[in-house]
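Dear colleague,

I am handing over the structure below, and after it I set out what was found. Please read the notes with the structure open beside them.

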Amino acid sequence: MSNISNAFKNGKAFIGFLTAGDPDIETTKQCILKMEEAGADLIEIGIPFSDPIAEGSVIQSANIRALKSNTFLDKIFEAVIDLRKKTDIPIVFLTYINPVFNYGYERFFSDCKESKTDGLIIPDLPFEEKHEVSDYARNNDIDVISLIAPTSDNRIKQIAKEASGFIYLVSSMGVTGVRSEITTDLKTIVGLIREQTDIPVAIGFGINTPKQAAYLSKISDGVIVGSAIVKIIERYGKNSPEYVYEYVKSMKNAIKSNMLSNISI
Amino acid sequence: MNNNTKFGEFGGQYVPEILMNEIKNLEKSYEYHKNNGSFISELDDLLKNYAGRPSLLYFAENMTKDLGGAKIYLKREDLNHTGSHKINNVLGQALLAKKMGKKRIIAETGAGQHGVAAATAAALLGLECEIFMGKEDTLRQSLNVYRMELLGAKVHTVESGTQTLKDAVNEAMREWSKRTEDTLYVIGSVMGPHPFPMIVRDFQSVISREAREQILKLEGKLPSAVIACVGGGSNAMGMFYNFINDKSVKLIGCEAAGLGVNTDKHAASMTKGRMGIFHGMKSIFCQDEYGQIAPVYSISAGLDYPGIGPEHAYLNSIGRASYIAVTDDEAVCAFEYLSKTEGIIPAIESAHAVAYAMKTAPLMKKDEIIIVCLSGRGDKDVAAIAKYRGRKINE
């Protein structure tokens with residue numbers, strides 16, 4: 001059983017994303033610890049890439065700031081090893097495939113294992129190409145997280161069947177970034193996934209308000225919030241950990257109170 | 001199941017899940033229409049009566065005499081409507097978009113040639129058209145920006161990253177992932193995820209289909225070499241394709257060496273890059289030691305791309321094609337040389353191929369033949385070349 005399942009064992013999960021090295025790796029570490037303190041259940045660490053094609057402008061800018069602070073894989077693994085002295089919170093990386101391919105699959109996955117990183121999300125590695133890394137992932141007990149999108153339709157079955165860790169359900173069309181409204185029929189998609197697998201389903205892309213988090217966690221196993229957190233880091237820089245804490249706490253509370261109100265119904 | 005998306009180990013479909021069904025849909029539609037009589041005849045009609053095909057295979061007699069070696073022929077893609085080979089692909093893809101029931105096409109552009117061609121096809125076929133172009137390219141090719149707008153397209157200036165072709169592709173892919181239902185991404189080169197490298201190659205292969213027939217008719221034999229410039233590699237793939245099985249014909253791609261391959265100002269992915277996965281494909285890319293895609297440079301906006309199409313990477317890996325790098329300076333000299341000797345002003349992209357022909361023709365025998373793909377005309381480049389030579393002129 002992977003450590004990722006621990007993120008979902010105490011009710012609905014809050015998954016927080018930030019980009020490693022934005023604005024520097026020390027701030028990243030502090031933000032992660034603060035997120036955990038505020039109730040986050042899983043941390044998604046973005047590995048900066050020059051050309052993040054699935055990201056909107058907020059996370060694109062974070063990537064540029066992180067690359068400017070010379071945040072590369074060696075430094076990120078070191079940071080996770082350091083964090084592991086203080087926390088067992090499940091950690092997954094979000095990375096584009098090229099930095100991993102370039103680092104070498106064997107070396108990358110064994111470094112993941114060594115740093116006790118639990119999983120990996122690779123937006124540009126769809127089902128058809130996941131064999132690139134699957135052997136290395138399996139040998140090192142790293143979960144490669146599958147994404148399912150509003151356009152996945154007939155692909156949901158095959159993806160869900162082979163999914164591990166959790167399923168990242170993309171809430172809406174387009175790239176990452178805060179949205180005022182999410183109109184996809186996510187309930188139906190979650191239902192189709194449930195027909196295939198029991199692993200948790202977390203919804204991401206566009207979520208930024210407590211109200212959205214409360215509603216979406218009701219129809220799934222958790223929510224993933226990225227751009228809203230990255231915006232806070234963009235605004236407050238080195239001083240952001242406290243502000244990230246407050247924000248994550250408000251989101252986690254919304255999810256929790258929603259669960260309580262469910263019980264009262 | 002994956003094998004048919006690749007050329008050897010290159011190619012594939014490395015794109016976000018959100019695009020996968022649309023890419024499969026495109027693959028299916030293309031497989032159906034490419035063998036369908038009405039699609040084939042409509043496209044043939046457009047190529048003949050709108051684009052002006054077949055393009056000439058012109059014997060460059062002055063150049064041949066002056067260089068004193070192999071006979072040089074120019075495949076005149078510059079004479080196509082819109083002034084480059086890009087129209088071949090765009091008419092095919094825009095027609096395909098219509099057959100698929102799409103109302104809108106989007107495209108990236110570097111020099112603006114593909115953008116102009118896409119806007120042209122959209123105007124003709126009644127499709128909405130939006131073009132993504134790096135800010136730096138909109139400045140150095142401002143005439144083409146206006147041209148696209150004149151044709152009814154909306155031009156988005158891309159200010160992310162290096163503000164050139166690579167970033168325009170990023171932005172077009174982002175836009176496509178927002179809206180696939182009524183939109184086809186009409187990619188401009190033999191790159192991106194499968195099936196694009198195959199589709200674009202098929203539509204561009206008309207270049208070598210004609211050229212092979214033409215040279216056999218004119219000379220009764222095959223050329224010793226065909227030469228084409230390579231950014232993503234669409235005119236080169238089109239020029240190579242029907243000669244691949246003719247083992248005696250050397251296939252030579254000319255990539256942009258910019259200020260020199262030993263500087264950090266070049267776009268020579270075959271010479272200086274290594275294998276990677278980007279823009280949906282496994283291929284060869286200019287990248288740093290961490291796998292970050294490198295900023296590239298060339299005087300030619302159309303060759304200013306950090307990668308190369310996967311079929312080129314494959315042809316290179318099996319030794320069937322070879323790739324050499326040509327500097328800005330060599331290309332500018334060739335630009336001027338062809339203008340003066342033949343009265344033909346080539347696109348600065350195509351001038352890279354002309355430059356290599358100038359180098360290699362004198363070393364070859366007089367009964368040998370070279371075909372150079374003159375992928376586009378140079379009107380768009382005149383102001384930039386004047387500036388390169390220290391002359392300031394108003395466009």
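I begin with A:G39, which follows α1(A) and has a positive phi, near 110 degrees. This is a predicted model, in which local features need pLDDT of at least 70 and side-chain atom pairs count only at pLDDT 80 or more, while totals for chains, interfaces and linings use all residues. Residues are numbered from 1 along each chain as its sequence is written, and chains are lettered from A and ligands numbered from 1 in the order in which they are written.

Helices (H or I, at least four residues) and strands (E, at least two) are DSSP runs, numbered from the N terminus. In α1(A), the buried residues (20 or more other C-beta atoms, placed from the backbone, within 10 Å of their own) are A:T27, A:T28, A:C31, A:I32, A:K34, A:M35 and A:E36.

Turning to chain B, its secondary structure comes to 16 helices and 14 strands, and its C-alpha trace spans about 55 × 45 × 40 Å along the principal axes. Of the 395 residues in chain B, 61% are buried.

The domain assignment, which is automatic or from a database, gives chain B a domain 1 (7-48 + 86-200) and a domain 2 (53-83 + 205-388), and the C-alpha centres of these two domains lie 22 Å apart. Their contact (C-beta atoms, placed from the backbone, within 7 Å) takes 40 residues from domain 1 of chain B and 36 residues from domain 2 of chain B. On the side of domain 1 that touches domain 2, β2(B) gives the most, with 5 residues.

With best regards

Terms used:
A residue is buried if 20 or more other C-beta atoms lie within 10 Å of its own, exposed if 12 or fewer, and partly exposed in between; C-beta atoms are placed from the backbone. Two residues are in contact if their C-beta atoms, placed from the backbone, lie within 7 Å.
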